[in-house]
Protein chains: 4
Amino acid sequence: MTALTLQNAIARTEAGRARAAELAVAMNIAIVDAGGHLLHFSRMDDAELGTVDIAIKKARTAALFRRPSAAIGEDSQPGGPLYNIESTNGGLVSFGGGLPITDEGGRTIGAVGVSGGTVPQDVTVAEACLT
Amino acid sequence: MTALTLQNAIARTEAGRARAAELAVAMNIAIVDAGGHLLHFSRMDDAELGTVDIAIKKARTAALFRRPSAAIGEDSQPGGPLYNIESTNGGLVSFGGGLPITDEGGRTIGAVGVSGGTVPQDVTVAEACLT
Amino acid sequence: MTALTLQNAIARTEAGRARAAELAVAMNIAIVDAGGHLLHFSRMDDAELGTVDIAIKKARTAALFRRPSAAIGEDSQPGGPLYNIESTNGGLVSFGGGLPITDEGGRTIGAVGVSGGTVPQDVTVAEACLT
Amino acid sequence: MTALTLQNAIARTEAGRARAAELAVAMNIAIVDAGGHLLHFSRMDDAELGTVDIAIKKARTAALFRRPSAAIGEDSQPGGPLYNIESTNGGLVSFGGGLPITDEGGRTIGAVGVSGGTVPQDVTVAEACLT
């Protein structure tokens, strides 16, 4: 398993910020390692302060469960199999904007979490961080 | 951006308490700065103890997201785009009673949070704190 | 047991703020009831943000243990009988600035917590809130 | 009061990382705004995972008290006037490595927190972030 490097995280963040600038939205971009520990974080000027924690929690959610944060949300609804799972692990975020980062073998080596725009905008920026 | 002063927060709180007295409901009124830090808090006699934290969290929610707390609630319902966002930022409150305080340029310089009555009553008192 | 009223808490807070103004120090003044629940809080302009939580925790400490916060600190030192008690109850503060408020029969009906200056200044302002 | 920009935070972080590279130590560098909210974070490859939280808390401590984190530590020792203050504000760090960032008028506009080496190394890197 290849570990994420800081250099790689910076490159991913810059790709995400470029996409956010195209959308003209101030975004937070968080990158965590496979263990969910913060590797890099960047808040664009004028982003809402409440979205700092959300970006980090989206990344942690995607890393700790090795799937997009939105996939958790499908199962955490009322009546669903993971109802209210958001209150575990010090707080998860189960809507879109958190995506796992995988190596060539498909193993999760970290995750990116983006917050600051609408959920579709957040997802678009997160996807830009994966390429 | 003008910062909220204590004197201004006291005046807003007194306006809110006067409105609460008209409604004959014991209210908590919290005022935070733009960063969500508590500036002033006041609990009217006989208010329910559980509403202290709610008033403070409503104010923090409105400040950190620069919008009424109820606007968060519209999107945080089951199936909504921000489902269970309430578990972030140390706990948010997404029903009515939290309103941002803006300066002449429309920038959020703080927020008020009110709790103790029905939600419509809380909103009415919060609005009285804005004038 | 007489309960603290909001009116009484405001009067105590104003007495404290007058004393703080004499000292020319920006203070936070928190008043809690006998159960440690926040009743009134006020932050003077330019007080350090980190002292908000300290003022509230001093008041809670004094109310929950019915003694000055500094009295806890005497026993919480290394080797002392209450070593590191500060990590209980969601966080206590064991240095000066928290004082119980008692009724005529000597029963604790609440507490005041002050933070923002040196500890002796905080204690002086807290004492002004008791008279 | 001028606010810190992301561009400024990145420049400070790069200056700090350059100094850390000279010392051949893997460091975490956190930068927060005046309200203690995270603005930028970067973990160098191979830094100890436990130092992520320490770097962030050092920065928050310096911002919320507008002084070097080590200045808190002078007073928080056993028998000192601020003994165990570290348990407030969601956790403070009171040893060296957190430094306030001030504007031309001397007002605190944010802070930097560094962790990963010895405390003197952390302080050296934090100082490099101020220039």
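# Two paired sheets across four chains

In strand β4(D), Ala111(D) is the bridge partner of Pro100(D). That pair belongs to a set of five bridges linking β3(D) to β4 (residues 108-115) of chain D, with the two strands running antiparallel. Everything here comes from a predicted model, in which local features need pLDDT of at least 70 and side-chain atom pairs count only at pLDDT 80 or more, while totals for chains, interfaces and linings use all residues; side-chain values use heavy atoms, without hydrogens or water. Residues are numbered from 1 along each chain as its sequence is written, with chains lettered from A and ligands numbered from 1 in the order in which they are written.

- Eight strands make up an open sheet, and their order is β3(A)-β4(A)-β1(A)-β2(A)-β2(D)-β1(D)-β4(D)-β3(D), with antiparallel pairing. Strands here are DSSP runs of E with at least two residues, helices are runs of H or I with at least four, and both are numbered from the N terminus; two strands pair if DSSP finds at least two bridges between them.
- At the edges stand β3 (98-102) of chain A and β3 (98-102) of chain D, each pairing on one side only.
- Ignoring direction, neighbouring strands of this sheet are turned by 20° against each other on average. Axes are lines fitted to C-alpha atoms (for helices, over the stretch in contact), and angles run from 0 to 180 degrees between N-to-C directions.
- Where the chains join, β2(A) and β2(D) run antiparallel and are linked by three bridges. Here His40(A) has Ser42(D) as its bridge partner in β2(D).

**Helices of chain D on that sheet**

- Helix α1 (residues 6-23) of chain D lies across β2 (38-43) of chain A as well as β1 (28-33), β2 (38-43) and β3 of chain D, and runs at about 30° to β2(D).
- Helix α2 (residues 50-65) of chain D also packs on the sheet, where it touches β2 of chain A and β1, β2, β3 and β4 of chain D; its direction makes about 155° with that of β4(D). Contact means heavy atoms within 4.5 Å.

**Where chain D meets chain A**

- In this interface, 18 residues of chain D are in contact with 18 residues of chain A.
- Together the two chains, D and A, bury about 1,500 Å², with 54% of it on carbon and sulfur atoms. Buried area is the accessible area (1.4 Å probe) that two parts lose on being put together, summed over both.
- Leu6(D), Leu38(D) and Arg43(D) supply 36% of the area that chain D buries against chain A, more than any other three residues.
- Two salt bridges are counted between chain D and chain A; each needs a side-chain nitrogen of Lys or Arg within 4 Å of a carboxyl oxygen of Asp or Glu.
- Arg43(A) forms a salt bridge with Asp33(D), and their closest N and O atoms are 2.9 Å apart.
- On the side of chain D that touches chain A, α1, β2 and α2 of chain D each supply at least two residues. Of the elements there, β2(D) gives the most, with six residues.

- Another open sheet of eight strands runs in the order β3(B)-β4(B)-β1(B)-β2(B)-β2(C)-β1(C)-β4(C)-β3(C), and its pairing is antiparallel.
- Its edges are β3 (98-102) of chain B and β3 (98-102) of chain C; each has a single partner strand, so one side of each is left without a neighbour in the sheet.
- From one strand to the next, the twist averages 20°.
- Five bridges pair β1 (residues 28-33) with β2 (residues 38-43) of chain C in the antiparallel sense, and Ile29(C) stands opposite Ser42(C) in β2(C).
- Helix α1 (residues 6-23) of chain B packs on this sheet, touching β1 (28-33), β2 (38-43) and β3 of chain B together with β2 of chain C, and its direction makes about 30° with that of β2(B).
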